[in-house]
Amino acid sequence: MVARLVIAAPSSGAGKTTVATGLMAAFAGRGLAVSPHKVGPDYIDPGYHALATGRPGRNLDAYMCGTGLVAPLFLHGSRGCDLAVVEGVMGLYDGAADQGELASTAQVAKLLKAPVVLVVDASSQSRSVAALVHGFASWDPEVRIGGVILNKVATDRHEHLLREALGESGVPVLGVLRRAPAVATPSRHLGLVPVAERQAAAVEAVAAQAEQVLAGCDLEALLALARSAPELHAEAWSPEVVGPAVAGARPRIAVAGGAAFTFSYAEHTELLTAAGAEVVTFDPLRDEALPEGTSGLVIGGGFPEVYGGELSANEPLRKAVADLAASGAPVAAECAGLLYLARSLDGRPMCGVLDADARMSERLTLGYRDAVAVSDSVLAPAGARMRGHEFHRTVIEPGAGERAAWGLRQPVRRVEGFVRGGVHASYVHTHWAGAPEAAARFVAAAAGSVAGGPVT
């Protein structure tokens, strides 16, 4: 039994991240073990959640992992905790395009049997707030809205009008927050600036969010609401689903980190470890060599376009990555990793593993992807299906190699990505909890590389 709350909103921009992170930090400051979660594929908010709680921020994505894994992944992440706080995505009922409620905050709340706290931006309304809350509370009778937190309230008079209106709605007000610049988190072309890029400022922002929540929210009522959630009849997910670990020596798999590569799902490392690998992290901005004995490389998402100069200047590491790829060792690169493996990024030399050039673009590419493996690779055999997500403002030319990585069905049919020797590079982010065979296959390829011959 895990006490739990889902923090949702009528739309993006209402203050979900501020409220959710502030609640996590406030409850953690009271000595509770708080488990942080985020609905959807976003990888920036979980960094702030981890800062607030001291635990890995974990994603609950019903599209990429399937609805059947939402509760098991939640129980895995919240094991041993007193409270779990789940931050929603977009508006409460918004999900995957043309897929009904799939991957929406409402669907996840139902799968978790969790009460919802609705964060409402009250800056431009008074009595209308009651109609808004009534509509959200009555839209789906299976979604239990247990309370409202009013955000960006201007004055005591404004608060009085809002409370008076909501008094007739039957939905209690559990918090009122004034406008507070100190809690703001800076944004840029793909959303909030990650924690890794602003450590000291991020610590201050999270502390300010906690103070704001402590001053404006009824923590006892929120905790009581969280504890009213019923028991979840599901079994916790385990990385052991990856199957038996590879026999023999443990292959060492290097995972890119640091400020330029901030995106990774916690379950990826857990799956690689369960499959028999030794996982070590390195920072391409600082380290001039791969970890000693590296036999496999994972380069996830992040912002190489922001750090293009520094990445390009680290010529020894670029050469080490190119040499590892040329040896046939497995290399899995997603989005930012794809750009780093390219010949150039915005005219600056990168690793040159791929015969392709990347650049920034004005166009945002965003959305879930239903992918089919076009070529046999270190992640999947040809014909295997996997679900993923794209989110970038860059383009790479050409968009696919002679052996493409994925065939995509939406928004238009196309092939994309590169499979070359042991390299699998693509814009598509995947969540291996939904496809643990990818981790098993990758570790097996790394073990083959250790044994003296590349496995492709």
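Student: Which element gives the most to the lining of the second largest cavity?

Tutor: In this predicted model, that is β17, which contributes four residues to the lining of the second largest cavity. The lining has twelve residues, and those nearest the centre are Gly302, Glu305, Cys335, Leu339 and His392, while the elements giving two or more residues are α12 (336-341) and β17 (385-397).

Student: What volume does the second largest cavity have, and how many cavities of 30 Å³ or more are there in the whole structure?

Tutor: The second largest cavity has a volume of about 50 Å³, and a search of the whole structure gives three cavities of 30 Å³ or more. The largest cavity holds about 200 Å³ of space.

Student: And what lines the largest cavity?

Tutor: There are 18 lining residues, with Phe263, Ser264, His268, Val298 and Gly300 lying nearest the centre of the largest cavity. By class, this lining comprises eleven nonpolar residues, six polar ones and one charged.

Student: Switching to helices, how do α1 and α7 cross?

Tutor: The axes of α1 (residues 16-29) and α7 (residues 199-216) come within 7 Å and cross at roughly 85°, so the two helices are roughly perpendicular to each other. On the α1 side the contact includes Thr18, Val19 and Leu23, and on the α7 side the residues include Val206, Gln209 and Leu214. The contact residues divide into eight nonpolar and five polar, with no charged ones.

Definitions and conventions: Residues are numbered from 1 along each chain as its sequence is written. This is a predicted model: local features need pLDDT of at least 70, side-chain atom pairs count only at pLDDT 80 or more; totals for chains, interfaces and linings use all residues. Side-chain values use heavy atoms; hydrogens and water are left out. Axes are lines fitted to C-alpha atoms, for helices over the stretch in contact, and angles run from 0 to 180 degrees between N-to-C directions. Angles under 35 degrees count as roughly parallel, over 145 as roughly antiparallel, 65 to 115 as roughly perpendicular and the rest as oblique. Contact means heavy atoms within 4.5 Å. Ala, Val, Leu, Ile, Met, Phe, Trp, Tyr, Cys and Pro count as nonpolar, Asp, Glu, Lys and Arg as charged, and the others, Gly among them, as polar. On a 1 Å grid over the protein atoms alone, a cavity is a set of points where a 1.4 Å probe fits but cannot get out, and a pocket is an open set with protein on both sides within 12 Å along at least five of seven lines; lining residues have an atom within 4 Å of a point. Grid points are joined across faces, edges and corners, and a volume is the space filled by probe spheres set on the points.
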